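Colleague: I am new to this structure and would like to go through it with you. Please show it first.

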Amino acid sequence: MIVQLITPEKIIFDGQADYVQVPGAEGEFGVMPGHMLFISTLKEGEVQITLADGEKKTFPVTGGIAEVTPQRCTLLVE
């Protein structure tokens with residue numbers, strides 16, 4: 001799936017990933033390809049993106065919004 005991590009200033013990450021762990025306002029949630037549609041607010045924490053080769057990238061966030069579709073996870077973060 002395509003994952004985009006976007007701040008007001010720039011795009012932090014834009015690429016393919018197999019899994020994303022996100023600090024949702026109601027609790028941590030994971031996103032994989034084919035996930036159901038939803039939107040969630042984010043709380044302070046870390047977004048962890050797992051790439052196809054198993055490499056993990058971690059990004060601290062202080063809040064924001066996640067929009068998830070079966071093909072894409074877009075995170076608008078602070």
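Modeller: Two strands pair if DSSP finds at least two bridges between them, and strands are DSSP runs of E, at least two residues long, numbered from the N terminus. This is a predicted model, in which local features need pLDDT of at least 70 and side-chain atom pairs count only at pLDDT 80 or more, while totals for chains, interfaces and linings use all residues. Residues are numbered from 1 along each chain as its sequence is written, and side-chain values use heavy atoms, with hydrogens and water left out.

Colleague: Which residue in strand 6 does Y19 stand opposite?

Modeller: Strand 3 (residues 19-24) and strand 6 (residues 45-50) run antiparallel, joined by three bridges. In strand 6, the residue opposite Y19 is T50.

Colleague: Which residue in strand 4 does G24 stand opposite?

Modeller: Strand 4 (residues 27-31) runs antiparallel to strand 3, with five bridges between them. A hairpin of two residues joins these strands. Opposite G24 stands G27.

Colleague: How many degrees lie between the planes of F13 and F59?

Modeller: Rings of Phe, Tyr and Trp (its six-membered ring) pair if their centres lie within 6.5 Å; planes under 30 degrees apart count as stacked, over 60 as edge-to-face and the rest as tilted. The whole structure has two aromatic pairs. F13 and F59 form a tilted one, with 6.3 Å from centre to centre and between the planes 50 degrees.

Colleague: Is F29 buried or exposed?

Modeller: F29 forms an edge-to-face aromatic pair with F38. Buried means under 20% relative accessible area, exposed over 50% and partly exposed in between (1.4 Å probe, protein chains only). The relative accessible area of F29 is 14%, so F29 is buried.

Note on methods. Helices (H or I, at least four residues) and strands (E, at least two) are DSSP runs, numbered from the N terminus.
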